[in-house]
Amino acid sequence: MKQTKGLFFILLLFCMCSGGPKETAVKIQFTDTLIANEHLTILADSSWMVYDGSQYCDNFLEGLKEHSSHYNIKVYRDFFLLGNDTIRPPDDLVVDSFYTLMSTANNKTLKVELRRKNNTDVDYHISVLGNLEYTLLSEYGTVKLYPNFYLAAEAEEDESGNGYLCTPYGNEGAENCFSICIGRSDDNRLMVIVESSCKGHQYLQGFKLPVEVSKEEFYKRIVIVKDSSEYSKEFLKGWKRHHYIDEIVEMHKGYLLVRGKDTLSFPKQIAIGRRYIYETIIGDTIQRMVLTRNNTTTLHYDMSVKTKARQLWNENGEVHFDPAHLMNAIDGHCWFYYKSLANDYQKTCNLRICVDGVYSEENAQFEYLECDGVSRKYYFKLKSID
């Protein structure tokens, strides 16, 4: 009887250990990190396993496997194991954050914009501006982390002679001649070195180490406001939120000068010093809006609704020209003015005034946008100009 029970136990154990799925959910405790509900996939052999490759480009994983064939490798979302060693990709750049670095030499300005997409890929925009007036070089692309980056970082020096380590990234284009080395100093300043042997990239030579600058500082250097009284603060803040361009922009009264030669004009339906009266009559109700221009970007509005000479509602204030509209507006469409350009309609109780669509029956529109249950929308025709 004991022998029969022993055989039955062995048979049961064999059944439990065979016939399992090829891809199984695993739960691994490694140091202080718990990895759960992930699926183990054996890609080639038992020494190469990828638990989560979503944050790595395919070429990096292929190169990692090739360069580390003598290790047991396990790849996780934000780190990988080489034997008993834990390797983490560089984290000098936060994922999906934008970084701007600048350097000036011999009346030229080097601008480097970076955005880390995942553990291995960094989008870049490199431009060189001459005398802050014209563009000598402008190039977009993606550089990728080298699979053997963990062997050693490059030792470099900042402009003060202080040493720091940076990690090189290279592009995979046809020429494969462009690289960016990214690191941080002891005081946590972002450092980059831009190198290229590509034809036409001679403008990248001669610069000191680019220094990280805030968006506000970059904006001050690139956008030149010639007539500050003609632009509301709301418009200027909105411009910074909407536009990422490498050309120098000069803001004059009534127009922008881009790269010293291209002119972008603001709409002129409402002239300074005149009152534009828009009106709609429905039965015995009169809806009226009076617009006057304060400066290049700002209109003052006075909106009222009356019936039988009794005023039902009145509101007045300022609206500001939509900076995004200047670049992409189509002739014949309305020109948009907003109370707030912060795109936070729930908090600002925003409204929009649309002026003079050539192919529209209405000459102006007044509309609240997602304003906590308040719904007002009016259409007008121009009645008179005082």
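Is Trp48 buried or exposed in this structure? Trp48 is buried, with a relative accessible area of 4%, where buried means under 20% relative accessible area, exposed means over 50%, and partly exposed lies in between, with a 1.4 Å probe and protein chains only. The place of this tryptophan, Trp48, is in strand S4, which covers residues 48-50, and its C-alpha atom is separated by 10.0 Å from that of Leu64, 16 residues apart along the chain.

Before I go on, a word on what we are looking at. This is a predicted model, in which local features need pLDDT of at least 70 and side-chain atom pairs count only at pLDDT 80 or more, while totals for chains, interfaces and linings use all residues. Residues are numbered from 1 along each chain as its sequence is written, and side-chain values use heavy atoms, with hydrogens and water left out.

Let me begin with the chain as a whole. The protein chain has 6 helices and 28 strands, which are DSSP runs numbered from the N terminus, helices being H or I with at least four residues and strands being E with at least two. Of its 386 residues, 45% count as buried. The accessible surface of the protein chain comes to about 21,700 Å², and 49% of that belongs to carbon and sulfur atoms; such areas come from the Shrake-Rupley method with a 1.4 Å probe, and for residues only the protein chains shown count as cover. If we take the contacts in the chain with a separation of 6 or more, residues 24 or more positions apart account for 43% of them, contact meaning heavy atoms within 4.5 Å.

Now to the sheets. Strands of a sheet pair through backbone hydrogen bonds, either parallel or antiparallel. Here 8 strands close into a barrel, in the order S21-S22-S23-S24-S25-S26-S27-S28, and the pairing is antiparallel; two strands pair if DSSP finds at least two bridges between them. Neighbouring strands of this sheet are turned by 30° against each other on average, direction ignored, with axes taken as lines fitted to C-alpha atoms, for helices over the stretch in contact, and angles running from 0 to 180 degrees between N-to-C directions.

How many bridges pair strand S21 with strand S28? Strand S21, residues 276-282, and strand S28, residues 377-385, pair in the antiparallel sense over 4 bridges, and in this pairing Tyr276 stands opposite Ile385 in S28. Strand S27, residues 364-368, also pairs with S28 in the antiparallel sense over 4 bridges, and here the bridge partner of Gln365 in S28 is Tyr379.

Finally, the aromatic rings. A search of the whole structure finds 23 aromatic pairs, where rings of Phe, Tyr and Trp (its six-membered ring) pair if their centres lie within 6.5 Å, and planes under 30 degrees apart count as stacked, over 60 as edge-to-face and the rest as tilted. The rings of Tyr76 and Phe79 have their centres 4.9 Å apart and their planes at 25°, so this pair is stacked. Phe80 and Tyr150, in turn, form an edge-to-face pair, with 6.4 Å centre to centre and 75° between the planes. This second pair links distant parts of the chain, 70 residues apart, with Phe80 in strand S6 and Tyr150 in the loop between strands S11 and S12.
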